[in-house]
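Hi,

My notes follow below it.

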Amino acid sequence: MDLGQSSYPRRKTRQIMVGDVPVGGDAPITVQSMTTTRTADVEATLQQIYDLAMAGADIVRCTCNEIEAAEGLARIVPRSPVPIVADIHHQYRMALAALEAGVHCLRLNPGNIRKPEHIKLVAQEAKDRGVPIRIGVNGGSLHPDLYKKYGDRVTPEAMVESALTELAYFQEVGFEDVKISVKASSVPLMIEAYRQLSEAVDHPLHLGVTEAGPLPGGLIKATAGIGTLLAEGIGDTIRYSLTADPVEEVRAGRALLESMGLRERRNIDLIACPSCGRAEIDVIEVARKAQEAFGDRQIPLQVAVMGCVVNGPGEARDADLGIAAGRNKGHLFVRGQNVAVVPEDEMVDALVEWATYIHENGVEAALERARATSEAARRAAERDRDALLRAKGADANNSEQRVEVIRKL
Ligand code: SF4
């Protein structure tokens, strides 16, 4: 088994289309985010949508909370590079206005639009236009009757019942073009709600931990909730709800899917050693600079930043490209083979240059390119490795010395 690839059996769901993006069935799991601009501000909203699409968002949601927002959507939708979902809050008329604006999907919160005749009217209109709807249950805005029924508490059962009640209204008008979410800010609560929901329906599920909060806690909560469910085969589209620039939400979503082998790598996967007493450089700083230099460039390679040449090239031999620090210089390696030596202050630039070359020409061409220099590079790395071992020994953290001291206590 290739352990780099996903081995999680995925739960079978029906497929819906959000614009030209399939969600559910055997479609790749998609990444969503939401704009933070006023939707009425067409240019600012489009700029953010483009930024999100560049970072890897497949679908973007915009709030439709006022009539000016619906008018904005009418102008945004034709110019958007990705399908647009309109987020509807309390007014069913905003849902009708968003449909008129040409959005590719609606999101309705069953806790907010409560009158069955309004829900059915929106579902009928969406059906006539062939536009799907997300039933977006939120633990924090559960219908009061359900809240009471389940003992004045938000429970997984209450959230699932909310989704199924809404779905039943849709079914009354023959509308099944639906995806569902049951988000909560509590990770155990949302995990259990999604588990129960996935047993009850075969509609595609949109995963998220709502109001996860700022970094890094928000990132951890969202990853714990979404990652657990994905590993169980549950989930067809995801959104990180972070108190951060929405571009960070998209980066996080992509990173999670790529790290679980659920999406093809799109950007650089930067790995770095944790550093230790042997490190010849400030690994954190070099890794940060490398991350900044690569940004959202679409180079689907794994790049390693390693603090020393003793263990670095070996430990990162599976990376496409890497750099290991020596004395005032960096030893560049491609798939574990030394290819060049660069001055310390040029390490990041060299990584970007070689990554671009490999992306355009392939690993073999890169090794060929280095044919003239690789032998000298290998010898230079060897010399630095020996010098470092002589200077710091095999036990760079002085562990054995410490053990001796402890024994004498
Ligand atoms: S031994 Fe070298 S590569 Fe490994 S953690 Fe220490 S500095 Fe990094």
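A residue counts as near a molecule if its C-beta atom, placed from the backbone, lies within 6 Å of it. The ligand is surrounded by 13 residues. The closest are Cys-273, Cys-276, Ala-279, Gly-307 and Cys-308. By class, this shell has seven nonpolar, four polar and two charged residues. Nonpolar means Ala, Val, Leu, Ile, Met, Phe, Trp, Tyr, Cys and Pro; charged means Asp, Glu, Lys and Arg; the others, Gly among them, are polar.

This is a predicted model: local features need pLDDT of at least 70, side-chain atom pairs count only at pLDDT 80 or more, and totals for chains, interfaces and linings use all residues. Residues are numbered from 1 along each chain as its sequence is written.

Domains: the assignment, automatic or from a database, gives domain 1 (16-259) and domain 2 (269-392). Their C-alpha centres lie 42 Å apart.

Now a helix pair. Helices are DSSP runs (H or I, at least four residues), numbered from the N terminus. H2 (residues 67-76) packs on H3 (residues 92-101) at about 15 degrees, with the axes 8 Å apart. Axes are lines fitted to C-alpha atoms over the stretch in contact, and angles run from 0 to 180 degrees between N-to-C directions. H2 and H3 are therefore roughly parallel (angles under 35 degrees). In H2, Ile-67, Ala-70, Leu-73 and Ala-74 meet Met-94, Ala-97, Ala-98 and Ala-101 of H3 (contact: C-beta atoms, placed from the backbone, within 7 Å). By class, that contact has eight nonpolar, no polar and no charged residues.

Best wishes

Definitions and conventions: Helix = DSSP H or I, 4+ residues; strand = E, 2+ residues; numbered from the N terminus. Parallel < 35°, antiparallel > 145°, perpendicular 65-115°, else oblique. Contact = placed C-beta atoms within 7 Å.
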